[in-house]
Amino acid sequence: MAVNIRETTIIHPSATPFSEDHTLPLSHLDTDRNMNVTFRYLRVYVNNNSTATNTTHPFNVIATALSSALVHYYPLAGTLRRSDKDNRLEVFCSRDQGVPLINATVNCTLETLNYFDDPDYDFVERLVPDPSLDEGMINPCVLQVTLFECGGFTLGAAIRHVVCDGLGATQFFNAMAELARGADRISVEPVWDRVNLLSPRDPPRFDGPVSEFLGLEKGYEPYGQTVGKVVRECFNVKDEWLDGFKNLLLQKSGYNFTTFEALGAFLWRAKVKATGVPRDEIVKFTYAMNIRRLVKPPLPLGYWGNGCVPMYAQLLAKELLEQPIWKTAEVIKKSKINATDDYVHSFIDFQAVHYADGITAGNRVSGFTDWRHLGHSTVDFGWGGPVTVLPLSRHLVGSVEPCFFLPYSSANAGKKDGFKVLVTLQEFAVPAFKKEMEKFNNQDFE
């Protein structure tokens, strides 16, 4: 399958959003070194002529909507640079800046690809821009529209995490979608005030869990560890398998665990076992916690900066491998107790004080995130919401081997129950990990 790049157009705001060039400061959550990566993902849209409200070429629709949305979200057209004051990243905004939008075509239909329900990731990679770190400084947002023979299309996005998190990016895409469907104005105005809303305390303090989970290593670079060849593998999780597993944990522990806690515990142990981590090393389970309503006062509606902090559960590898699985699920459940306003501000204070000292959670970090209920379906440019959304990033809250819980494509609704798990693994560990997943499927939970 050939992906033909027809052109790349720089899309400028449809009206000048400011009068003078200026610099926008970022919060300490934005400039967390773990955020200095490009997050990449793909949305898949079906062009059903019987229901579509838009008959214009998707590239033209999205280009026009993007131009209008950039009046409100113009920092996405800016450039990232280092501050002379403290070497932290900041956004430089100039009136001649824009967002690159790639126009591409491909010689197949979405149906022949099963709507990317079980994708060939080598092919998917060609549908999403992949700027280098230096290119991402110049263009923190790059988009690609790829039209398929069936009239359906994909929207690939590469957005520098420093500028916004997933929720902030979805807010931006929702604004684009509203304008594409003919709205005169966007329903949620973006709020930038990064520094004042999430400033460190005076004096800073960070006792407790933050100091327990984070350490310092001069010269440490997130995601710089060498792990060899890494591959993606997708596994189906049927409802009956998951229900049986959660019922077993309930019987053993008396706890009603969430899917994230229960399945996360199983996958964490399976990954550590498959990769052969030395038993005396500390391993960590990490996930991002939305703080928008957690902090006091809550962040205002429209805040689109990084509004999450990493949460951690940690064990010795030996403990993880030997203790009953329900105890691991309990450790994950109890980690949520740390989700407090004080934890958030302690994390911010730690970043403020130790930014230059090499903050690290260690190299044995397994990142997990649940994309099953993120509201991606609201991003409707006139053809309905996306039928499939796929993440491509390998870097997540300090982890180079992230795991995503993903819904099946809505284009295949009714064909499969449950959901799928996208796991990033060192290639050598895949056979052993598959054996662990076979145990799960066979209800062999040890």
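This is a short tour of the model, stop by stop, with what to select and what is there.

**Before you start**

The model is predicted, so local features need pLDDT of at least 70 and side-chain atom pairs count only at pLDDT 80 or more, while totals for chains, interfaces and linings use all residues. Residues are numbered from 1 along each chain as its sequence is written, and side-chain values use heavy atoms, with hydrogens and water left out.

**Stop 1: the two domains**

Select 3-197 and colour it as domain 1. Then select 208-442 for domain 2. These bounds come from an automatic or database domain assignment. The domain centres, taken over C-alpha atoms, are 25 Å apart. Domain 1 puts 69 residues into the contact and domain 2 puts in 53. Contact means heavy atoms within 4.5 Å.

Now look at the interface. About 5400 Å² is buried between domain 1 and domain 2. Carbon and sulfur atoms give 60% of that area. Buried area is the accessible area (1.4 Å probe) that two parts lose on being put together, summed over both.

**Stop 2: the domain 1 side**

Helices (H or I, at least four residues) and strands (E, at least two) are DSSP runs, numbered from the N terminus. Helix 4 gives the largest share, 9 residues.

**Stop 3: salt bridges**

Side chains of opposite charge can pair when their charged atoms come close. Here a salt bridge is a side-chain nitrogen of Lys or Arg within 4 Å of a carboxyl oxygen of Asp or Glu. The count comes to 21 salt bridges. Across the interface of domain 1 and domain 2 there are 3.

Select E125 and R232. Their side chains form a salt bridge at 3.0 Å, N to O.

Go next to D117 and K420, another salt bridge at 3.0 Å, N to O. D117 sits in the loop between strand 6 (99-106) and helix 2, and K420 sits in strand 17, 303 residues away. Both D117 and K420 are buried. Buried means under 20% relative accessible area, exposed over 50%, partly exposed in between (1.4 Å probe, protein chains only).

Now pick R201 and D349. Their closest N and O atoms are 2.8 Å apart. R201 is in the loop between helix 5 and helix 6 (209-213), and D349 is in helix 11, 148 residues apart. R201 is buried at 16% relative accessible area. D349 is buried at 0%.

Finish with R279 and E322, whose closest N and O atoms are 2.3 Å apart. R279 lies in the loop between helix 8 and strand 11, and E322 in helix 9, so the pair ties together parts 43 residues apart in sequence. R279 is partly exposed, at 40%.

**Stop 4: T360**

Centre on T360, in strand 13. T360 is buried at 9% relative accessibility. A polar atom of its side chain lies 2.7 Å from the backbone nitrogen of G362. Beyond four places in sequence, T360 touches residues including F213, L216 and Y220.

**Stop 5: S399**

Move to S399, in the loop between strand 15 (388-391) and strand 16 (403-406). S399 is buried at 0%. The side chain of S399 reaches the backbone oxygen of V365 at 3.1 Å. Contacts of S399 beyond four places in sequence include Y223, G367 and R394.

**Stop 6: L89**

End on L89, in strand 5. L89 is buried at 6% relative accessible area. Among its contacts beyond four places in sequence are L26, M137 and V162.

Key
Polar contact = N/O pair within 3.5 Å; in protein donor to acceptor, adjacent residues only side chain to side chain.
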